Amino acid sequence: MHTFLQLVVNGVGKGAVYALLALGFVIIFKSTEVINFAHGSLVLFGGYLVVATRDALGWTGAALLGVAGAGLLAVVVERLLLSRSKLADPNSLALLTIGVDVIVTEEIVRRLGVSVPFIGAAWDAKPIQVGGITLFRTHLVAMAVAAVLITAFYLAFKFSNWGVAMRAQAENREAAALMGIRSRGVTMTAWLVAGLLAGVAVLFLATQDFSGAGLSRATHSIALAAFPAAILGGLDSTAGAVVGGLIVGLVEALSAQYISFDFSKSAVFLVMLLVLVIRPSGLFGTREITRV
């Protein structure tokens, strides 16, 4: 029982980070109907900026730069590539993001060379004991940050002009345009928010507490585990992104302990497939994934 509780705590901590990344997938999909496969490269780019500038700017300054840089790169991808391909269908644009992902990822991996640096967060590798359960500070900070950011996004999505515009565009892009909603601004902001969330997530991914591995190609692979989280919850559901992230974190933690570590990554996709067989739109989605 003690082991099970420890695994649940670890799974929820990791799930909070996956929820942030999954939310990025969902935000972009709701505004553009494009699945952004370049999300992992946004994570790597933000992390690389932190590692490259932390000695000069200090950790806090470098972290802020990394988050802002990931958001800026997302906007650049949207403005320079996707917005100039308005006549292309979403599936073609999704393939385009794969190309962007390969280019950015390979360049960052080349720059890192053989080094695999940790982000160096002040809270990393300083666990605390509570009732025999080990609480990793990285997980605790991740849960707190995720709770604040997800709540802020929910309030903005429900009550701000941008949120209303985004919901209208998600329902019917043509009707929203006729009502005077500027699709370009809504879409750019959606990509910006998704990029910022990716920049925040990497502050927890490339740590000893989360993965035990520093910034590398493996960080990109870990970040893409958020894709099945978005599919599980439903690609058009923001609430589903949060639930999906928690499910992925728990499935990874439990399967790594009770089956095998190697199987834990496959287990996430197996659960995703089982959910899609039962409910093709995901747990909270309204669009069938097989029709995306």
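Predicted model: local features only at pLDDT ≥ 70, side-chain atom pairs only at ≥ 80, totals over all residues.
Me: Take 57-77. How much of that span is helix, and how far apart are its ends?
Reply: Residues 57-77 are 100% helix and 0% strand. The end C-alpha atoms lie 26 Å apart.

Me: And what about 188-206?
Reply: That span is 95% helix and 0% strand, with 27 Å between its end C-alpha atoms.

Me: New topic: which residues have the most contacts inside the largest nonpolar core?
Reply: Leu21, Leu205 and Leu215 do, in a core of 78 residues.

Me: What does Leu215 touch?
Reply: Leaving out residues up to four places away in sequence, Leu215 has a list of partners including Leu44, Tyr48, Val51, Leu112, Pro117 and Val202.

Me: Now the outside. Which residues form the nonpolar patch on the surface?
Reply: Met1, Phe4, Leu5, Tyr258 and Ile259, with about 560 Å² of accessible area together.

Me: Where's Ile259, and is it buried or exposed?
Reply: Ile259 sits in the loop between α10 (238-258) and α11 (261-278). Ile259 counts as exposed because its relative accessibility is 55%, and the cut-off for exposed is over 50%.

Me: Last one: what's up with the phi of Glu33?
Reply: Glu33 has a positive phi, about 65°, though it isn't a glycine. Glu33 is in the loop between α1 (2-32) and α2 (39-82).

How values were computed. Residues numbered from 1 in each chain as written. Heavy atoms only, no water. Helix = DSSP H or I, 4+ residues; strand = E, 2+ residues; numbered from the N terminus. Core = buried A, V, L, I, M, F, W, Y, C linked by side-chain atoms within 4.5 Å. Buried < 20%, exposed > 50% of the residue type's maximum accessible area, 1.4 Å probe, protein only. Contact = heavy atoms within 4.5 Å. Patch = residues over 30% accessible without salt bridge, like charges linked within 9 Å, V, L, I, M, F, W, Y side chains within 5 Å. Areas by Shrake-Rupley, 256 points an atom, 1.4 Å probe, with all protein chains shown as cover. Salt bridge = Lys/Arg side-chain N within 4 Å of Asp/Glu carboxyl O.
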